[in-house]
Amino acid sequence: MALELKNVTKIYDNGFQAVTDFNLKIKDKEFIVLVGPSGCGKSTTLRMIAGLEEITKGIFDVDGKVVNNLPPNDRGIAMVFQSYALYPHLTVYENMAFGLELAGFDEDVIEARVNEAARILGLTTYLHRKPRDLSGGQRQRVALGRAIIRNAKIFLMDEPLSNLDAKLRVSMRSELIKIHRQVGATTIYVTHDQIEAMTMADRIVVMNLGRIQQVGTPKELYFDPQNLFVAGFIGDPPMNFVYGHLDGTNFVSNDGSMKFDISNQGEDYLEQLKDKRLVFAYRPEHVFYELGGNNPKDCYELEGHVEVSEMLGDIQNVYVVSGETRGVLKAQPSKKFTIDEDVKYFVTAENVRFFDADTENVIANPKFRK
């Protein structure tokens with residue numbers, strides 16, 4: 001089913017505005033992830049879609065039909081919560097069948113649907129067990145099974161993996177994507193974990209303070225963040241920021257510790273940067289440490305003082321400081337760094353983004369856009 005939210009706003013009785021002017025079109029069978037920090041309004045938005053929260057202003061329609069005033073049971077929506085919400089005294093089969101039994105379905109229909117959902121979820125051999133006999137991942141599959149057997153066209157998931165340990169979360173991400181493809185329901189998934197969002201979504205909706213900051217594919221958000229919030233939220237570690245201004249064709253950091261020529265950005269673009277307070281931004285993984293060979297020459301040279309290096313196995317994070325600016329760089333584990341040493345590194349012009357420090361919006365340069 002296709003969904004559309006038009007200028008949706010949520011204001012509580014105490015005057016708190018949790019969501020402001022939320023606009024989003026969701027295509028049939030699309031996997032949408034709402035992501036943002038705690039309190040950004042993502043769960044409130046999900047609850048308005050589910051009908052658990054009243055929409056203060058705006059319109060929510062499903063396949064062109066306005067459903068603002070429809071009760072949750074009539075919206076064709078199945079919801080999977082952070083807590084599994086299983087009945088401890090019922091078996092897996094009984095937990096999955098419970099909703100259909102209340103709705104008055106025939107036993108044959110219930111049995112067929114439960115068995116099919118169990119097959120999809122790999123729960124066939126666990127149908128006669130109680131929730132206490134299952135792992136966290138298996139309990140989450142049972143919660144998903146209750147949604148699947150309803151044949152709902154829309155799945156809403158509110159941080160369903162947050163109660164699982166890190167290793168299980170990784171495996172369950174791929175499980176959820178596989179289930180989504182098999183079931184074919186339009187899915188809206190809420191998380192505060194940007195890695196979950198990047199690995200699972202067809203499109204991501206980044207939210208902050210109740211407003212949409214940017215909507216796009218994971219690749220679009222990674223390569224073309226439209227404002228400082230998205231640039232600082234997407235990526236692990238996120239983008240490095242250097243605050244400064246343009247002096248002729250040179251970018252100069254506020255404290256003067258960094259200065260380099262950016263004339264290769266083009267005259268038209270330099271004209272856009274002139275007389276603005278700027279933020280020079282680059283990703284930790286886009287740096288390299290030597291010129292020549294396969295490395296491009298159209299780049300900028302930066303320097304920093306090594307504060308600490310974190311060895312993560314396949315990569316290391318190197319924390320550097322230059323004047324008042326701190327940043328983090330990625331490097332291969334074979335490269336040696338010494339605490340307090342000065343390190344020189346390079347970043348290509350096409351991987352750099354400039355933001356307006358006052359509006360916090362990107363100053364787009366089509367010449368270098370991915």
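The crossing of α2 and α4 is right-handed (a crossing counts as right-handed if the near helix is turned clockwise from the far one by less than a right angle, and left-handed if anticlockwise). This is a predicted model, in which local features need pLDDT of at least 70, side-chain atom pairs count only at pLDDT 80 or more, and totals for chains, interfaces and linings use all residues. Residues are numbered from 1 along each chain as its sequence is written, and side-chain values use heavy atoms, with hydrogens and water left out. Helices (H or I, at least four residues) and strands (E, at least two) are DSSP runs, numbered from the N terminus.

**Helix α2 with α4**

- The axes of helix α2 (residues 92-102) and α4 come within 8 Å and cross at roughly 30°. Axes are lines fitted to C-alpha atoms, for helices over the stretch in contact, and angles run from 0 to 180 degrees between N-to-C directions.
- α2 and α4 are therefore roughly parallel to each other (angles under 35 degrees count as roughly parallel, over 145 as roughly antiparallel, 65 to 115 as roughly perpendicular and the rest as oblique).
- Val92, Asn95 and Met96 of α2 meet Val142, Gly145 and Arg146 of α4. Contact means heavy atoms within 4.5 Å.
- By class, the contact of α2 with α4 has 3 nonpolar, 2 polar and 1 charged residues. Ala, Val, Leu, Ile, Met, Phe, Trp, Tyr, Cys and Pro count as nonpolar, Asp, Glu, Lys and Arg as charged, and the others, Gly among them, as polar.

**Helix α2 with α3**

- α2 packs against helix α3 (residues 107-121) at an angle of about 135°, with their axes 10 Å apart.
- α2 and α3 are therefore oblique to each other.
- The crossing of α2 and α3 is right-handed.
- On the α2 side, the contact is made by Tyr93, Met96, Ala97, Leu100 and Glu101. On the α3 side, it is made by Ile110, Glu111, Arg113, Val114, Ala117 and Ala118.
- The contact of α2 with α3 has 8 nonpolar, no polar and 3 charged residues.

**Helix α4 with α5**

- The axes of α4 and helix α5 (residues 166-183) come within 11 Å and cross at roughly 20°. That makes α4 roughly parallel to α5.
- α4 passes α5 in a right-handed crossing.
- From α4, Gly136, Gly137, Gln140, Arg141, Leu144 and Ile148 make the contact. From α5, the residues are Leu168, Met172, Glu175, Leu176, Ile179 and Val183.
- The residues of the contact of α4 with α5 divide into 7 nonpolar, 3 polar and 2 charged.

**The mixed sheet**

- An open sheet is formed by 6 strands in the order β6-β7-β8-β3-β9-β10, with mixed pairing. Two strands pair if DSSP finds at least two bridges between them.
- Its edge strands are β6 (77-80) and β10 (211-216), each pairing on one side only.
- The twist averages 20° from one strand to the next.
- Strand β3 (residues 31-35) and strand β9 (residues 203-208) run parallel, joined by 4 bridges.
- Isoleucine 32 stands opposite arginine 203 in β9.
- β9 and β10 run antiparallel, joined by 5 bridges. Asparagine 208 stands opposite arginine 211 in β10.
- Helix α4 (residues 136-148) lies across β6 and β7 (154-158), running at about 170° to β6.

**The antiparallel sheet**

- In this open sheet, 5 strands follow the order β15-β19-β16-β17-β18, and the pairing is antiparallel.
- The edge strands are β15 (287-288) and β18 (325-331), and each pairs on one side only.
- Strand β17 (residues 316-322) pairs with β18 in the antiparallel sense over 7 bridges. Asparagine 317 stands opposite lysine 330 in β18.

**Backbone details**

- The hairpin of β9 and β10 has 2 residues between the strands, and in it leucine 209 takes a positive phi near 50°. Leucine 209 is a residue other than glycine.
- Aspartate 236 and proline 237 are joined by a cis peptide bond, with omega about -5°.
- Proline 237 lies in the loop between α8 (228-233) and β11 (240-247).

**Aromatic pairs**

- The structure holds 16 aromatic pairs. Rings of Phe, Tyr and Trp (its six-membered ring) pair if their centres lie within 6.5 Å; planes under 30 degrees apart count as stacked, over 60 as edge-to-face and the rest as tilted.
- Phenylalanine 260 and tyrosine 300 form a stacked pair, 5.4 Å centre to centre with 25° between the planes.
- That pair links distant parts of the chain, 40 residues apart: phenylalanine 260 is in strand β13 (residues 259-261) and tyrosine 300 in strand β16 (residues 299-311).
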